[in-house]
Amino acid sequence: MDPRRAARTVIDPKVRKVGFFAPGAPPDRSLSGPPDPIASSSASSPPIPDLSPSGNFLSPVMIPPPRHSSADTALLSSSRPVPPSPLRRDSLTSAGCIHNPSELFPSSSPTAPSSYAGRVVEFQDDPRGNSVKVATGASSFPGGGFDLTAVKTSSVPASRFTTVSVVKTMPPGLSETIVEKVGGSFEVENDRPASSKSLKEKTSKAERRALQEAQRAAKAAAKAEGSKVPSTSEAAMSANVKPTKATKAPSLKNDSATVAASEKKGGDRPPEKDRKKDVPHPRMQYDDKSRVEKAKRRAVVKQTEARNRVELFRHLPQYEHGTQLPDLETKFFQLDPVHPAIYKVGLQYLSGDISGGNARCIAMLEAFQEAIKDHSTPPEKTLSRDLTAKLSSYVSFLIECRPLSISMGNAIRFLKSHIAKLPLTLSESEAKSSLQSDIYNFINEKIILADKVIVNHAVTKIRDGDVLLTYGSSSAVEMILLHAHELGKRFRVVVVDSRPKLEGQLLLRRLVGKGLSCTYIYITGISYIMHEVSRIFLGASSVLSNGTVYSRVGTACVAMVAHEFRVPVLVCCEAYKFHERVQLDSICSNELGNPDAISEVPGREDINYLDGCTNSENLQLLNLIYDATPSDYVSLIITDYGMVPPTSVPVIVREYRREHIWI
Amino acid sequence: MPDVHVLVNDFLNNLKKRKIEGSQATARQTAELLRSVISQQRVSYTNQAGALMDAVRAVGEQLIAANPVELAVGNIVRRVLHIIREEDLSLTTAAIAGLGVSAVSDDDDDAEGNDHPVLSAASLAAAARSTLRPPSLQTLLEDVPDSAAVPHTSSSGGDSDGKSRSADKSSRTRKLKHDVIEAVNELIQDITTCHEQIAEQAVEHIHQNEVILTLGSSRTVLEFLCAAKEKKRSFRVFVAEGAPRYQGHLLAKELVTRGLQTTLITDSAVFAMISRVNMVIVGAHAVMANGGVIAPVGLNMVALAAQRHAVPFVVLAGTHKLCPLYPHNPEVLLNELRSPSELLDFGEFSDCMDFGNDTSSPLLHVVNPTFDYVPPKLVNLFITDTGGHNPSYMYRLIADYYSADDLVVQRRPTGGS
């Protein structure tokens, strides 16, 4: 909402309105408010008192800002405790002006301008940010813009207004404006109630004009001598503010807003640079020859390219399967850079002994634990750098064995960020043990406990008499089914399976062993069985931030048919598997399995049509591993943060990332 | 007669044991069987058409009962009955040419078209006349004066109509049988050549560099694709294997040997790949009168995926697959469950397959359906021997080949096919 309003204010030809607008009750004040700063700068006091009220006024608009404000605060590198807003604002402005009302924010203010100068961009990102920018742009006639907003009843503009005026006074406009803005947002939080006051001070159109002119002049002047004028205005403002504050009773909203703001402050926001870093790297594209060559030179595992590559998937690695294993085995003793634990895990990936997102991730982390334990930093290096480099080489080894799953990527990122944040003061052994315990905690909290939470959530969705359908073999879904069975719920399970892995059979085996009554069917028969199904439980390899569920190939088909039959689809996925990447189809990024698995049908000797023509030029075998399920097929995603719709995934991604990177 | 019985029984056994694969083979064999039934049928001089129809109906009933899911059998039986009617009619009209031609021709139903005066067996079969067509004003008007001249009662589904109109036929008994056999031969010919006729249209639908997806194997699809290939179109084909029968492997092999760029994928990858596909071309098991398709299992999924991505879903079907019935709950009633052993290894799961220890029902069910029902809204186009048609047009097309009186083949009034 906020951003929109702000934009409107900018767009509207409100200046005119303002002119006619004399009587409008609260808005007027805001109008008057804007001019005030100007006045203060150029002509000084009379309007000034209004300013602060207007600022207060603005607050109702601010409701959305909690987040924004936090961002702002984060931007302001110096984290201050959230102050009573008006004061704050004042202080900020003052900081901009160089003049400090010392009581308010002595320490913060000086730093502010310099540190923020670069961050204007960030503001732009924010919804509010736009408005801020606008304000700076509109500085020439700030009064008009504000008036409009005021008319709307939103006090926000007023705050901006003040900022604008400040800007004018300030020579390095941008940095100043930002500071101002921040101040404004704070104001908003605090000030909500004050609306009634300001009517008295309307300025006439002519007056305002004059103000504007004055402002312009001031701006020009400010370049030369920025500090003095603002200081006076500041003082006036601060004076004003205090009374307003006293008058207002802080409303609930204000309180909550401030609280939120303070919290946000607490969790640092990654500064702009870091944010950029967070944009997922483009993945290696295997049709990029030069990069592939480079990668090959580094590679430990020698891969032979598959004979008949599928044209559409040239960007993915397509290697002969089964050729690396003996090669690797023989190399076991020559590969000193790779820790044996890592090596073992890699081989297990390669041979398919470990599969499934959680299992792979846990195995990898445990191997890392081992490797870290045995790590010793060479004398002339620092632990964190050396370890990170080591880790990278391990990871690239694992990638050669099998491309990483997204969950593993997340875990690696987590580990690296922890290594990077290791306090330098720690001794090597301390650092290592802390890393090990970090990994242990990650496995425990993010995977094992998360699964428990998911199970507890999901079980509430199972009722007696349900027919639950699941596809493939998901560890989370299995736990859910078993737990529900233990609770004595009576339900039937339909296990849908597909070639070539037929993982469903393993799940079926385990479920039947526990006494669940099951139906087994291939994915082709899904439409046949869907009539009787009442719920679908699916696992996921990852959930991407556009809500796409990235999972075992075939999941999308199941979800689609379920959608067609109006059967709810519940996706169970631990939050550590969420990823901010987005994907629309299953082709841009995927993994290719062993193509030969397609042509051979184990256990069915009669199916041998393809014997002898697998080498033909014209025949390609495509063994996709994953597919992307569009979010509209998904009714619910069950995570350790609760049950959310797919549209909420980006929220979790954002919050979660902050949590695990900045803990 | 005895050898006919032997033939019928053999065929019945094959049907019951599901030894005949594919609707085309079934259709052809049914037609051949009925031809021999007709040729062996002793016909009296009086009610020749009626006798023939009785005989065909008797055999047809058994055949349909032997494999009610194989709709091609019923289709062929009905078409043969229709042929007999048409031949009878044409002879009648020829005989009483002096009388009101158009009215007399409408022995099946009073809703007949009025294009009958020139009647050969072939033209009859192909002519767009429908008992399903609502009566037009013209036919109604023409019918009124002459209806008395048509002796039979049109409403009965069975044997009554043939007998009643036999009075003036005595002179052309031999001719009728001969004509019917000729027409049935033509039908058999149509069935065997339907691939070519469908394939001829391939160039109009497949363009250079297209990507086509299909599932399972169908001879019609194979011919269709190859016909386009022969016309120097180069395109690529994704073949979903169609587990658990893996007919896709067969099709892929055929396509590869004929030089087509083929990619074999699993059934589960259909959704992933369909976004890069230009057209889905599949064969059908049967096409129902509402435009719905009984197709190899898995195709409903493919059709849904195609709809999601707005990819045209094209069904190839020879006319012998057009079934005049409207489906009711076809997923279940027109389906067939095959052996679980195709899905699961019995050895591994033998302990769960039989009855559990304390409950009376087995813990494990294995479902292996053969067919899928694709509702008409998911189908974009039917391509038959006679050209392309909308699903909504199928009922009309079907009306060309069947007479409404034959929809129920059973002689007993209780039956329903």
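Predicted model: local features only at pLDDT ≥ 70, side-chain atom pairs only at ≥ 80, totals over all residues.
Good morning. In chain A, one aromatic cluster is formed by Phe414(A), Phe442(A) and Tyr576(A).

A pair of aromatic rings is described by the distance of the centres and the angle of the planes. Over all chains, the count comes to seven aromatic pairs. Take Tyr520(A) and Tyr522(A): their ring centres are 6.1 Å apart and their planes stand at 70°, and since an angle over 60 degrees counts as edge-to-face, that is how this pair is classed. As for burial, the threshold is under 20% relative accessible area. Tyr520(A) has 0% and is therefore buried; Tyr522(A), with 5%, is buried as well.

A ring also takes part in a contact with a charge. The charged end of Arg360(A) sits over the ring of Tyr349(A), at 5.3 Å from the ring centre.

I turn now to the sheet. Which strands form it, and in what order? Eight strands make up an open sheet of mixed pairing, ordered S9(A)-S3(B)-S2(B)-S1(B)-S4(B)-S7(B)-S10(B)-S11(B). Its edge strands are S9 (619-622) of chain A and S11 (387-389) of chain B, each of which pairs on one side only. On average, neighbouring strands are turned by 25° against each other, direction ignored.

Finally, helix H12 (residues 247-257) of chain B lies across S9 of chain A and across S1, S2 and S3 of chain B. The helix runs at about 165° to S3(B). Thank you.

Terms used
Residues numbered from 1 in each chain as written. Chains lettered and ligands numbered in written order. Heavy atoms only, no water. Phe/Tyr/Trp six-rings, centres within 6.5 Å; stacked < 30°, edge-to-face > 60°. Buried < 20%, exposed > 50% of the residue type's maximum accessible area, 1.4 Å probe, protein only. Lys NZ or Arg CZ within 6 Å of the ring centre and 35° of its normal. Pairing = 2+ DSSP bridges. Helix = DSSP H or I, 4+ residues; strand = E, 2+ residues; numbered from the N terminus. Axes fitted to C-alpha atoms, helices over the stretch in contact; angles between N-to-C directions. Contact = heavy atoms within 4.5 Å.
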